[in-house]
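Let us go through this structure step by step, beginning with the surroundings of a single side chain and widening the view from there.

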Amino acid sequence: MSTEDRLRDALRETADARAVDADAMYTATRDQIDRPTEPRRRRTALYVAASAAAVVGIAVGGLWSADQLGGGQGTPQNGEQVWGTGPVVQTHRAKEGAVDDTFTCDHRIMLKDFLDVGEQLGGGPDMGAGHFGAKRYEFVPHGDTALMRVGKADGALTAKIHLVDRGDWVLDRIERCTGPEGSDADMLGRFQLGAHGRPIPNPPRPTKYDPETSSSVVPIDDRRYYNRIGVVDHRTIYAYESDGGVIVSTVETELDYREFGDSATFGPDQVVDGLNFVDEYGRLTSEGDFAFLMYYSTEPVELSVKLKDGRTVDAKEIRGDDWDGTLYALLAPREQVDRIVVKHGGETKTYEGLRDLHERH
Amino acid sequence: MGDDAEFAVLFHAHVARVVRLAALLGADDAEDVAQEAFCRLYAARERVDDRVVAYLNRIVVNEVRSRHRRRATAKRAPLHLVEHPVSIEHVQDYAERNAVIDAVNTLPARKREALVLRYWLDLPLAEIAEAMSVRVGTVKSLLSRGIDALANELGEGR
(Lines give C-alpha, C1' and ligand atoms only; values in the text may rest on other atoms or scores of the structure.)
Protein backbone atom coordinates (compact mmCIF):
# COMPACT_ATOMS: atom_id res chain seq x y z
CA MET A 1 0.00 0.00 0.00
CA SER A 2 1.35 3.44 -0.89
CA THR A 3 2.11 6.13 1.69
CA GLU A 4 -0.77 8.16 0.28
CA ASP A 5 -3.23 5.29 0.70
CA ARG A 6 -2.02 4.54 4.22
CA LEU A 7 -2.41 8.21 5.12
CA ARG A 8 -5.86 8.44 3.58
CA ASP A 9 -7.09 5.37 5.49
CA ALA A 10 -5.58 6.51 8.80
CA LEU A 11 -7.09 9.98 8.54
CA ARG A 12 -10.51 8.65 7.61
CA GLU A 13 -10.57 6.10 10.42
CA THR A 14 -9.30 8.62 12.96
CA ALA A 15 -11.90 11.16 11.92
CA ASP A 16 -14.70 8.59 11.97
CA ALA A 17 -13.73 7.56 15.49
CA ARG A 18 -14.34 11.08 16.74
CA ALA A 19 -17.88 11.39 18.09
CA VAL A 20 -19.53 14.82 17.82
CA ASP A 21 -22.55 15.88 19.85
CA ALA A 22 -24.00 18.33 17.34
CA ASP A 23 -27.03 19.36 19.40
CA ALA A 24 -25.03 20.18 22.52
CA MET A 25 -22.51 22.09 20.45
CA TYR A 26 -25.25 24.04 18.71
CA THR A 27 -26.71 25.10 22.06
CA ALA A 28 -23.29 26.22 23.30
CA THR A 29 -22.56 28.06 20.05
CA ARG A 30 -25.88 29.89 20.12
CA ASP A 31 -25.17 30.96 23.71
CA GLN A 32 -21.86 32.38 22.62
CA ILE A 33 -23.37 34.16 19.62
CA ASP A 34 -26.08 35.71 21.75
CA ARG A 35 -23.51 37.36 24.00
CA PRO A 36 -23.01 40.39 21.74
CA THR A 37 -19.62 41.68 22.88
CA GLU A 38 -17.95 38.34 23.36
CA PRO A 39 -16.54 37.66 19.87
CA ARG A 40 -14.64 40.93 19.60
CA ARG A 41 -13.18 40.69 23.08
CA ARG A 42 -12.17 37.17 22.40
CA ARG A 43 -10.47 37.99 19.13
CA THR A 44 -8.71 41.03 20.53
CA ALA A 45 -7.41 38.82 23.27
CA LEU A 46 -6.35 36.39 20.61
CA TYR A 47 -4.21 38.94 18.88
CA VAL A 48 -2.76 40.17 22.12
CA ALA A 49 -1.89 36.67 23.10
CA ALA A 50 -1.20 35.27 19.67
CA SER A 51 2.15 36.81 19.10
CA ALA A 52 4.93 34.52 20.18
CA ALA A 53 7.11 37.49 19.44
CA ALA A 54 7.93 40.27 21.86
CA VAL A 55 5.30 42.73 22.99
CA VAL A 56 7.17 45.92 22.39
CA GLY A 57 5.07 48.75 23.64
CA ILE A 58 1.89 50.14 25.08
CA ALA A 59 0.76 53.47 23.75
CA VAL A 60 -1.73 56.00 25.00
CA GLY A 61 -5.35 55.72 23.94
CA GLY A 62 -7.25 58.55 22.33
CA LEU A 63 -8.73 59.91 19.16
CA TRP A 64 -6.84 59.74 15.89
CA SER A 65 -7.59 61.97 12.96
CA ALA A 66 -8.09 60.54 9.51
CA ASP A 67 -4.80 60.47 7.72
CA GLN A 68 -4.00 61.96 4.37
CA LEU A 69 -3.71 58.70 2.51
CA GLY A 70 -7.15 58.09 1.11
CA GLY A 71 -7.60 58.37 -2.60
CA GLY A 72 -4.20 59.59 -3.69
CA GLN A 73 -1.43 57.52 -5.16
CA GLY A 74 2.11 57.52 -3.99
CA THR A 75 1.60 60.15 -1.32
CA PRO A 76 4.64 60.26 0.91
CA GLN A 77 3.90 59.87 4.58
CA ASN A 78 5.90 60.74 7.61
CA GLY A 79 5.66 58.66 10.72
CA GLU A 80 3.07 56.15 11.66
CA GLN A 81 -0.33 57.22 10.45
CA VAL A 82 -3.17 55.87 12.50
CA TRP A 83 -6.89 56.25 12.02
CA GLY A 84 -10.03 55.34 13.84
CA THR A 85 -10.79 55.59 17.53
CA GLY A 86 -9.88 53.49 20.49
CA PRO A 87 -6.91 52.70 22.62
CA VAL A 88 -3.71 51.31 21.24
CA VAL A 89 -3.65 47.95 22.90
CA GLN A 90 -0.24 46.54 22.18
CA THR A 91 2.20 46.44 19.32
CA HIS A 92 3.30 43.07 18.03
CA ARG A 93 6.56 42.72 16.28
CA ALA A 94 8.06 39.80 14.42
CA LYS A 95 11.01 38.41 16.27
CA GLU A 96 13.34 39.31 13.41
CA GLY A 97 13.22 42.96 14.49
CA ALA A 98 11.63 46.35 14.00
CA VAL A 99 10.29 47.93 10.82
CA ASP A 100 11.09 51.52 9.83
CA ASP A 101 8.40 54.14 10.38
CA THR A 102 8.90 55.83 7.02
CA PHE A 103 9.35 54.69 3.45
CA THR A 104 12.71 54.95 1.73
CA CYS A 105 11.59 53.60 -1.66
CA ASP A 106 11.29 56.23 -4.41
CA HIS A 107 7.81 55.31 -5.62
CA ARG A 108 4.70 54.27 -3.79
CA ILE A 109 1.10 53.50 -4.64
CA MET A 110 -2.12 53.49 -2.64
CA LEU A 111 -4.45 50.63 -3.49
CA LYS A 112 -7.88 49.57 -2.38
CA ASP A 113 -8.41 46.82 -4.99
CA PHE A 114 -5.88 44.48 -3.44
CA LEU A 115 -8.11 41.43 -3.75
CA ASP A 116 -6.94 38.58 -1.60
CA VAL A 117 -4.28 40.30 0.45
CA GLY A 118 -6.85 40.94 3.15
CA GLU A 119 -7.80 37.30 3.18
CA GLN A 120 -4.17 36.37 3.63
CA LEU A 121 -3.82 38.69 6.59
CA GLY A 122 -7.07 37.72 8.22
CA GLY A 123 -5.52 34.77 9.96
CA GLY A 124 -3.06 36.82 11.96
CA PRO A 125 -0.36 39.40 11.47
CA ASP A 126 2.52 37.04 10.90
CA MET A 127 0.70 34.86 8.44
CA GLY A 128 0.13 37.12 5.48
CA ALA A 129 3.33 39.07 5.85
CA GLY A 130 5.49 35.99 5.77
CA HIS A 131 3.54 34.55 2.91
CA PHE A 132 4.31 37.52 0.71
CA GLY A 133 7.99 37.53 1.51
CA ALA A 134 8.17 40.16 4.25
CA LYS A 135 10.74 39.34 6.89
CA ARG A 136 9.52 41.79 9.50
CA TYR A 137 6.20 43.22 10.57
CA GLU A 138 4.69 45.36 13.28
CA PHE A 139 1.00 45.05 13.97
CA VAL A 140 -0.65 47.87 15.93
CA PRO A 141 -4.36 47.48 16.75
CA HIS A 142 -6.33 50.59 17.72
CA GLY A 143 -9.76 49.54 18.83
CA ASP A 144 -11.57 48.51 15.68
CA THR A 145 -8.76 49.43 13.30
CA ALA A 146 -5.17 48.35 12.94
CA LEU A 147 -2.05 49.41 11.13
CA MET A 148 0.45 46.82 10.04
CA ARG A 149 3.86 47.88 8.82
CA VAL A 150 5.82 45.25 6.94
CA GLY A 151 9.39 45.33 5.83
CA LYS A 152 12.44 43.58 4.49
CA ALA A 153 15.12 41.76 6.47
CA ASP A 154 16.99 45.02 7.00
CA GLY A 155 13.88 46.69 8.44
CA ALA A 156 13.16 48.88 5.42
CA LEU A 157 9.43 49.60 5.24
CA THR A 158 7.74 48.15 2.15
CA ALA A 159 4.06 48.58 2.97
CA LYS A 160 1.59 50.09 5.40
CA ILE A 161 -1.51 47.96 5.60
CA HIS A 162 -4.63 49.46 7.13
CA LEU A 163 -7.17 47.00 8.48
CA VAL A 164 -10.60 47.35 10.00
CA ASP A 165 -12.30 44.93 12.33
CA ARG A 166 -15.48 43.56 10.77
CA GLY A 167 -15.51 40.21 12.47
CA ASP A 168 -12.20 39.44 10.79
CA TRP A 169 -9.49 41.95 10.18
CA VAL A 170 -10.49 43.21 6.75
CA LEU A 171 -8.12 45.21 4.60
CA ASP A 172 -9.14 48.82 4.06
CA ARG A 173 -6.21 50.03 2.01
CA ILE A 174 -2.55 49.47 1.45
CA GLU A 175 0.25 51.88 0.66
CA ARG A 176 3.26 50.08 -0.70
CA CYS A 177 6.47 50.46 -2.64
CA THR A 178 6.22 50.21 -6.38
CA GLY A 179 8.14 51.04 -9.52
CA PRO A 180 7.95 54.24 -11.57
CA GLU A 181 4.47 55.24 -12.76
CA GLY A 182 2.91 52.76 -10.36
CA SER A 183 4.30 49.82 -12.31
CA ASP A 184 4.96 46.60 -10.48
CA ALA A 185 7.46 45.52 -13.11
CA ASP A 186 10.78 47.03 -14.03
CA MET A 187 10.29 49.46 -16.87
CA LEU A 188 13.45 48.48 -18.72
CA GLY A 189 12.64 45.94 -21.39
CA ARG A 190 9.21 45.43 -19.99
CA PHE A 191 7.73 44.05 -23.22
CA GLN A 192 10.72 41.89 -24.10
CA LEU A 193 10.66 38.26 -23.12
CA GLY A 194 13.91 36.83 -21.78
CA ALA A 195 16.39 37.65 -19.06
CA HIS A 196 16.21 41.01 -17.30
CA GLY A 197 19.35 41.87 -15.41
CA ARG A 198 20.45 38.43 -14.27
CA PRO A 199 20.95 34.97 -15.78
CA ILE A 200 17.72 33.01 -15.72
CA PRO A 201 17.98 30.42 -12.95
CA ASN A 202 17.76 26.73 -13.71
CA PRO A 203 14.20 25.43 -13.54
CA PRO A 204 12.96 23.37 -10.63
CA ARG A 205 11.97 19.78 -11.24
CA PRO A 206 8.21 19.33 -11.74
CA THR A 207 6.65 17.51 -8.81
CA LYS A 208 4.02 14.81 -9.16
CA TYR A 209 1.40 17.51 -8.68
CA ASP A 210 2.53 19.21 -11.88
CA PRO A 211 1.74 17.85 -15.34
CA GLU A 212 4.32 15.29 -16.31
CA THR A 213 6.98 16.62 -18.63
CA SER A 214 7.83 14.88 -21.87
CA SER A 215 10.56 17.33 -22.81
CA SER A 216 13.23 19.63 -21.52
CA VAL A 217 12.10 22.69 -19.52
CA VAL A 218 12.85 25.95 -21.35
CA PRO A 219 12.99 29.42 -19.78
CA ILE A 220 10.74 32.13 -21.23
CA ASP A 221 11.20 35.15 -19.01
CA ASP A 222 12.71 36.33 -15.74
CA ARG A 223 12.25 39.74 -14.16
CA ARG A 224 11.98 41.70 -10.95
CA TYR A 225 8.69 43.03 -9.74
CA TYR A 226 7.13 44.56 -6.66
CA ASN A 227 4.76 42.12 -5.06
CA ARG A 228 1.53 42.84 -3.20
CA ILE A 229 3.23 44.14 -0.10
CA GLY A 230 5.92 46.09 -1.91
CA VAL A 231 8.70 43.52 -1.58
CA VAL A 232 10.92 43.16 -4.63
CA ASP A 233 10.74 39.64 -5.95
CA HIS A 234 11.65 37.74 -9.09
CA ARG A 235 9.22 35.84 -11.22
CA THR A 236 10.52 33.31 -13.73
CA ILE A 237 8.41 31.63 -16.39
CA TYR A 238 9.29 28.29 -17.96
CA ALA A 239 7.65 26.04 -20.54
CA TYR A 240 7.76 22.34 -21.24
CA GLU A 241 5.84 19.91 -23.36
CA SER A 242 3.48 17.43 -21.85
CA ASP A 243 0.94 14.99 -23.19
CA GLY A 244 -0.52 16.65 -26.26
CA GLY A 245 0.35 20.21 -25.37
CA VAL A 246 2.53 22.63 -23.50
CA ILE A 247 2.75 23.80 -19.89
CA VAL A 248 3.72 27.39 -19.13
CA SER A 249 4.44 27.76 -15.45
CA THR A 250 5.82 30.33 -13.04
CA VAL A 251 8.29 30.23 -10.20
CA GLU A 252 8.56 32.94 -7.56
CA THR A 253 11.67 33.26 -5.48
CA GLU A 254 9.89 34.76 -2.50
CA LEU A 255 8.87 31.27 -1.50
CA ASP A 256 11.11 29.26 0.75
CA TYR A 257 11.65 26.73 -1.97
CA ARG A 258 11.47 26.86 -5.71
CA GLU A 259 8.55 25.01 -7.21
CA PHE A 260 6.24 25.62 -10.12
CA GLY A 261 3.26 27.74 -9.15
CA ASP A 262 0.56 29.19 -11.36
CA SER A 263 0.47 27.59 -14.75
CA ALA A 264 -1.36 27.53 -18.06
CA THR A 265 -1.82 24.25 -19.89
CA PHE A 266 -3.02 24.20 -23.46
CA GLY A 267 -3.01 22.16 -26.62
CA PRO A 268 -1.94 23.07 -30.14
CA ASP A 269 -3.32 25.69 -32.49
CA GLN A 270 -5.16 28.12 -30.24
CA VAL A 271 -4.40 31.64 -29.07
CA VAL A 272 -4.07 31.72 -25.29
CA ASP A 273 -4.27 34.74 -23.01
CA GLY A 274 -4.16 32.73 -19.89
CA LEU A 275 -1.43 33.65 -17.44
CA ASN A 276 -1.09 36.78 -15.39
CA PHE A 277 2.35 37.86 -16.24
CA VAL A 278 4.07 39.63 -13.40
CA ASP A 279 1.99 38.63 -10.43
CA GLU A 280 -1.51 37.37 -9.99
CA TYR A 281 -2.58 40.87 -9.13
CA GLY A 282 0.42 42.72 -10.44
CA ARG A 283 0.20 45.77 -12.59
CA LEU A 284 2.16 47.07 -15.47
CA THR A 285 1.06 50.58 -14.61
CA SER A 286 -1.71 51.98 -12.49
CA GLU A 287 -3.85 51.94 -15.63
CA GLY A 288 -3.16 48.57 -17.15
CA ASP A 289 -1.57 45.17 -17.18
CA PHE A 290 0.35 42.86 -19.46
CA ALA A 291 -1.24 40.90 -22.25
CA PHE A 292 0.75 37.67 -22.47
CA LEU A 293 -0.35 35.90 -25.65
CA MET A 294 0.78 32.42 -26.60
CA TYR A 295 0.27 29.88 -29.37
CA TYR A 296 1.67 26.36 -29.52
CA SER A 297 1.97 24.41 -32.75
CA THR A 298 3.95 21.67 -34.43
CA GLU A 299 3.78 23.68 -37.66
CA PRO A 300 5.23 27.10 -38.55
CA VAL A 301 3.02 29.94 -37.30
CA GLU A 302 3.16 33.73 -37.21
CA LEU A 303 1.56 35.38 -34.18
CA SER A 304 1.52 39.16 -33.86
CA VAL A 305 -0.37 42.00 -32.21
CA LYS A 306 -1.23 45.36 -33.70
CA LEU A 307 -1.27 48.12 -31.11
CA LYS A 308 -3.60 51.09 -31.17
CA ASP A 309 -0.68 53.39 -31.94
CA GLY A 310 0.08 51.41 -35.12
CA ARG A 311 3.06 49.43 -33.87
CA THR A 312 3.28 45.69 -34.38
CA VAL A 313 4.59 43.22 -31.80
CA ASP A 314 5.78 39.88 -33.17
CA ALA A 315 5.88 36.70 -31.13
CA LYS A 316 9.10 35.11 -30.02
CA GLU A 317 9.72 31.45 -30.88
CA ILE A 318 10.48 29.23 -27.91
CA ARG A 319 11.37 25.57 -28.14
CA GLY A 320 13.65 23.00 -26.62
CA ASP A 321 15.96 20.78 -28.65
CA ASP A 322 13.77 17.78 -27.90
CA TRP A 323 10.40 19.50 -28.40
CA ASP A 324 7.89 18.32 -30.98
CA GLY A 325 6.40 21.79 -31.40
CA THR A 326 7.15 25.46 -30.90
CA LEU A 327 5.67 27.95 -28.45
CA TYR A 328 5.04 31.42 -29.87
CA ALA A 329 4.76 34.09 -27.17
CA LEU A 330 4.60 37.87 -26.95
CA LEU A 331 3.98 40.64 -24.46
CA ALA A 332 1.97 43.77 -25.09
CA PRO A 333 0.31 46.49 -23.02
CA ARG A 334 -3.16 45.10 -22.44
CA GLU A 335 -4.97 48.40 -22.91
CA GLN A 336 -3.19 48.99 -26.22
CA VAL A 337 -4.06 45.73 -27.97
CA ASP A 338 -6.06 46.54 -31.10
CA ARG A 339 -5.82 43.38 -33.20
CA ILE A 340 -4.37 39.88 -32.85
CA VAL A 341 -3.26 38.14 -36.04
CA VAL A 342 -2.41 34.45 -36.50
CA LYS A 343 -1.02 33.14 -39.81
CA HIS A 344 -1.03 29.37 -39.95
CA GLY A 345 -1.02 27.01 -42.93
CA GLY A 346 -1.80 29.70 -45.48
CA GLU A 347 -4.74 31.02 -43.48
CA THR A 348 -4.94 34.25 -41.52
CA LYS A 349 -7.15 34.53 -38.45
CA THR A 350 -7.77 37.96 -36.92
CA TYR A 351 -9.19 38.87 -33.51
CA GLU A 352 -10.41 42.43 -32.98
CA GLY A 353 -8.83 42.86 -29.56
CA LEU A 354 -8.70 40.74 -26.42
CA ARG A 355 -12.45 40.83 -25.86
CA ASP A 356 -13.04 39.33 -29.29
CA LEU A 357 -10.43 36.67 -28.53
CA HIS A 358 -12.11 35.71 -25.26
CA GLU A 359 -15.59 35.65 -26.79
CA ARG A 360 -14.50 33.34 -29.60
CA HIS A 361 -12.77 30.83 -27.28
CA MET B 1 -26.91 32.54 4.34
CA GLY B 2 -29.70 34.47 5.95
CA ASP B 3 -31.80 33.70 9.02
CA ASP B 4 -31.16 31.72 12.16
CA ALA B 5 -33.01 28.67 10.93
CA GLU B 6 -30.70 28.48 7.95
CA PHE B 7 -27.70 28.87 10.22
CA ALA B 8 -28.96 25.96 12.33
CA VAL B 9 -29.20 23.79 9.25
CA LEU B 10 -25.70 24.77 8.16
CA PHE B 11 -24.36 24.12 11.63
CA HIS B 12 -25.69 20.60 11.79
CA ALA B 13 -24.59 19.87 8.25
CA HIS B 14 -20.98 20.86 8.84
CA VAL B 15 -20.18 20.65 12.55
CA ALA B 16 -18.93 17.06 12.61
CA ARG B 17 -16.59 17.71 9.70
CA VAL B 18 -15.33 20.92 11.29
CA VAL B 19 -14.63 19.28 14.66
CA ARG B 20 -12.82 16.41 12.99
CA LEU B 21 -10.79 18.73 10.80
CA ALA B 22 -9.66 20.69 13.85
CA ALA B 23 -8.72 17.44 15.60
CA LEU B 24 -6.77 16.15 12.62
CA LEU B 25 -4.90 19.45 12.45
CA GLY B 26 -3.78 18.90 16.02
CA ALA B 27 -6.20 20.98 18.08
CA ASP B 28 -6.54 19.57 21.57
CA ASP B 29 -9.78 21.55 21.94
CA ALA B 30 -11.40 20.71 18.62
CA GLU B 31 -14.94 21.41 19.80
CA ASP B 32 -13.91 24.86 20.96
CA VAL B 33 -12.24 25.56 17.64
CA ALA B 34 -15.41 24.51 15.85
CA GLN B 35 -17.53 26.71 18.09
CA GLU B 36 -15.29 29.69 17.35
CA ALA B 37 -15.47 28.95 13.63
CA PHE B 38 -19.26 28.93 13.65
CA CYS B 39 -19.41 32.13 15.72
CA ARG B 40 -17.24 33.82 13.12
CA LEU B 41 -19.31 32.33 10.33
CA TYR B 42 -22.42 33.74 11.96
CA ALA B 43 -20.83 37.19 12.28
CA ALA B 44 -19.82 37.10 8.62
CA ARG B 45 -22.97 35.44 7.30
CA GLU B 46 -23.99 38.39 5.12
CA ARG B 47 -20.81 38.25 3.04
CA VAL B 48 -20.00 34.56 3.03
CA ASP B 49 -22.92 33.56 0.79
CA ASP B 50 -22.38 30.18 -0.84
CA ARG B 51 -18.77 29.84 0.23
CA VAL B 52 -19.54 28.42 3.64
CA VAL B 53 -17.34 25.34 3.37
CA ALA B 54 -14.31 27.25 2.12
CA TYR B 55 -14.82 29.89 4.81
CA LEU B 56 -15.06 27.31 7.58
CA ASN B 57 -11.99 25.47 6.34
CA ARG B 58 -9.94 28.65 6.38
CA ILE B 59 -11.16 29.68 9.81
CA VAL B 60 -10.38 26.27 11.28
CA VAL B 61 -6.87 26.26 9.82
CA ASN B 62 -6.23 29.77 11.11
CA GLU B 63 -7.76 29.11 14.51
CA VAL B 64 -5.71 25.97 15.09
CA ARG B 65 -2.57 27.84 14.06
CA SER B 66 -3.41 30.68 16.43
CA ARG B 67 -3.98 28.34 19.33
CA HIS B 68 -0.69 26.62 18.67
CA ARG B 69 1.05 29.96 18.73
CA ARG B 70 -0.72 30.92 21.91
CA ARG B 71 0.49 27.83 23.63
CA ALA B 72 3.95 29.12 22.75
CA THR B 73 5.26 25.64 22.32
CA ALA B 74 6.78 23.82 19.43
CA LYS B 75 5.10 20.61 20.46
CA ARG B 76 2.17 19.58 18.34
CA ALA B 77 -0.88 18.27 20.08
CA PRO B 78 -1.36 14.57 19.51
CA LEU B 79 -4.47 13.53 17.67
CA HIS B 80 -7.26 11.90 19.60
CA LEU B 81 -6.91 8.60 17.93
CA VAL B 82 -9.73 6.54 19.23
CA GLU B 83 -12.64 7.44 21.42
CA HIS B 84 -14.41 4.12 21.22
CA PRO B 85 -13.18 0.82 22.64
CA VAL B 86 -11.11 -1.15 20.16
CA SER B 87 -12.18 -4.73 19.54
CA ILE B 88 -9.47 -7.36 19.51
CA GLU B 89 -9.83 -8.07 15.80
CA HIS B 90 -9.13 -4.44 15.06
CA VAL B 91 -5.90 -4.27 17.00
CA GLN B 92 -3.85 -4.74 13.85
CA ASP B 93 -5.72 -1.96 12.07
CA TYR B 94 -5.33 0.25 15.11
CA ALA B 95 -1.58 -0.30 15.20
CA GLU B 96 -1.31 0.64 11.53
CA ARG B 97 -3.41 3.75 12.00
CA ASN B 98 -1.50 4.65 15.13
CA ALA B 99 1.81 4.43 13.32
CA VAL B 100 0.63 6.68 10.50
CA ILE B 101 -0.95 9.24 12.81
CA ASP B 102 2.13 9.28 15.03
CA ALA B 103 4.16 10.03 11.91
CA VAL B 104 1.74 12.82 10.94
CA ASN B 105 2.22 14.30 14.41
CA THR B 106 5.93 14.70 13.77
CA LEU B 107 5.43 16.88 10.69
CA PRO B 108 5.66 20.67 10.74
CA ALA B 109 2.25 22.31 10.93
CA ARG B 110 2.00 23.48 7.33
CA LYS B 111 2.86 20.07 5.87
CA ARG B 112 0.34 18.49 8.19
CA GLU B 113 -2.35 20.99 7.16
CA ALA B 114 -1.73 20.32 3.48
CA LEU B 115 -1.82 16.56 3.93
CA VAL B 116 -5.02 16.61 6.00
CA LEU B 117 -6.81 18.92 3.60
CA ARG B 118 -5.73 16.82 0.63
CA TYR B 119 -5.99 13.27 1.92
CA TRP B 120 -8.88 13.60 4.33
CA LEU B 121 -11.05 16.29 2.74
CA ASP B 122 -9.89 15.53 -0.82
CA LEU B 123 -9.77 19.23 -1.59
CA PRO B 124 -8.36 20.37 -4.92
CA LEU B 125 -5.09 22.27 -4.79
CA ALA B 126 -6.74 25.66 -5.24
CA GLU B 127 -9.06 25.12 -2.28
CA ILE B 128 -6.21 23.93 -0.09
CA ALA B 129 -4.32 27.08 -1.07
CA GLU B 130 -7.31 29.18 -0.06
CA ALA B 131 -7.77 27.40 3.26
CA MET B 132 -4.08 27.75 4.11
CA SER B 133 -3.73 31.28 2.75
CA VAL B 134 -0.87 30.24 0.51
CA ARG B 135 -0.35 29.87 -3.20
CA VAL B 136 -1.00 26.77 -5.24
CA GLY B 137 2.70 26.30 -5.84
CA THR B 138 3.30 26.28 -2.11
CA VAL B 139 0.61 23.64 -1.66
CA LYS B 140 2.25 21.42 -4.26
CA SER B 141 5.54 21.71 -2.45
CA LEU B 142 4.05 21.04 0.96
CA LEU B 143 2.22 17.97 -0.32
CA SER B 144 5.22 16.61 -2.14
CA ARG B 145 7.60 17.17 0.74
CA GLY B 146 5.02 16.17 3.31
CA ILE B 147 4.46 12.77 1.72
CA ASP B 148 8.22 12.26 1.42
CA ALA B 149 8.69 13.15 5.09
CA LEU B 150 5.84 10.88 6.10
CA ALA B 151 7.25 7.98 4.11
CA ASN B 152 10.61 8.57 5.75
CA GLU B 153 9.02 8.54 9.20
CA LEU B 154 7.25 5.31 8.35
CA GLY B 155 10.46 3.75 7.13
CA GLU B 156 9.31 3.48 3.54
CA GLY B 157 11.85 3.88 0.80
CA ARG B 158 10.77 6.39 -1.87
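**From one valine to the core**

Val60(B) is in contact (heavy atoms within 4.5 Å) with Val18(B), Leu21(B), Ala22(B), Leu25(B), Val33(B) and Ala37(B), once its neighbours within four places in sequence are left aside. This is a predicted model, in which local features need pLDDT of at least 70 and side-chain atom pairs count only at pLDDT 80 or more, while totals for chains, interfaces and linings use all residues. Residues are numbered from 1 along each chain as its sequence is written, chains are lettered from A and ligands numbered from 1 in the order in which they are written, and side-chain values use heavy atoms, with hydrogens and water left out.

Val60(B), together with Leu7(A), Leu117(B) and Leu143(B), touches the most other members of the largest nonpolar core, which holds 64 residues. Such a core is a set of buried Ala, Val, Leu, Ile, Met, Phe, Trp, Tyr and Cys residues joined through side-chain atoms within 4.5 Å, where buried means under 20% relative accessible area with a 1.4 Å probe, counting protein chains only. Its largest share, 11 residues, is supplied by helix α1 (residues 4-24) of chain B, helices being DSSP runs of H or I with at least four residues and strands runs of E with at least two, numbered from the N terminus.

Chain B has 8 helices and 0 strands, and buried residues account for 56% of its 158 residues. Among its contacts with a separation of 6 or more, 64% join residues 24 or more positions apart. Just after α1(B), Gly26(B) adopts a positive phi of about 105°.

Note on methods: Buried means under 20% relative accessible area, exposed over 50%, partly exposed in between (1.4 Å probe, protein chains only).
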